[in-house]
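Dear colleague,

I am passing on the structure we spoke about, together with some notes on what turned up when I went through it. Please look at the model first and then read on.

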Amino acid sequence: MKVLVVDDYATMRRIIRNLLRQIGYDDIEEAGDGVSALQKLRENRVELIIADWNMEPMTGLQLLKEVRADRKLSATPFIMVTAESKTENVIAAKEAGVNNYIVKPFNAETLKQKIQAVLGY
C-alpha cells in the first residue's frame with residue numbers, strides 16, 4: 001500500500017516514515033507541501049494520505065479540500081496530523097471530509113490504530 005506523507009518539515013516526514021516502517025508500511029512517498037502533494041497524487045496512485053495541518057503555502061486543510069473536490073482522488077483516505085487539538089480545527093477537518101486526526105506527539109501504536117480505523121481492519 002502506497003502512503004503519501006505531507007509535511008513542510010523534513011524531520012517530521014522522516015519521523016512519520018520511520019513510524020510507518022515500524023508498523024509494516026514500506027511504500028512511502030513524501031511531499032514538502034500541499035502543492036507538490038497534489039501533483040504527486042495526480043501522477044501516482046496513493047492509498048493513504050497523512051498530512052500536517054500547518055504548512056505553507058497550502059495548509060493540510062486546503063489540501064484535504066482539494067483532494068475531496070477531485071473526482072479521481074476524493075475517496076483516498078486522509079489522516080490529518082497536527083500539534084493543535086483545538087475543537088474548531090477538528091470540526092473544520094471533519095466537515096472537509098478527513099478520515100482521522102492525530103495530535104502530535106504520537107507513537108507507532110497510535111499511528112497504527114488510526115490507520116486501521118481508517119482502512120477498516
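Which residue is the bridge partner of Asp52 in strand 4? In this model, which is a predicted one, the partner of Asp52 is Val81, and that bridge belongs to the pairing of strand 3 with strand 4 (residues 78-82), which runs in the parallel sense over 4 bridges.

As for how strand 3 (residues 48-52) is placed, 5 of its 5 residues are buried, so the strand is largely enclosed by the rest of the structure. In a regular strand the side chains alternate between the two faces of the sheet.

Helix 3 has its own set of buried residues, namely Gly60, Leu61, Leu63, Leu64 and Val67. Viewed down the helix axis, these buried residues fall within an arc of 160°, so they line one face of helix 3. An α-helix has 3.6 residues a turn, so residues three or four places apart point the same way. The elements that cover the buried residues of helix 3 include strand 1, strand 3 and strand 4, as well as helix 2 (34-43) and helix 4 (87-96).

With best regards

Technical notes
Residues are numbered from 1 along each chain as its sequence is written. This is a predicted model: local features need pLDDT of at least 70, side-chain atom pairs count only at pLDDT 80 or more; totals for chains, interfaces and linings use all residues. Side-chain values use heavy atoms; hydrogens and water are left out. Buried means under 20% relative accessible area, exposed over 50%, partly exposed in between (1.4 Å probe, protein chains only). Helices (H or I, at least four residues) and strands (E, at least two) are DSSP runs, numbered from the N terminus. Two strands pair if DSSP finds at least two bridges between them. The arc is that of the directions from the helix axis to the C-beta atoms. Contact means heavy atoms within 4.5 Å.
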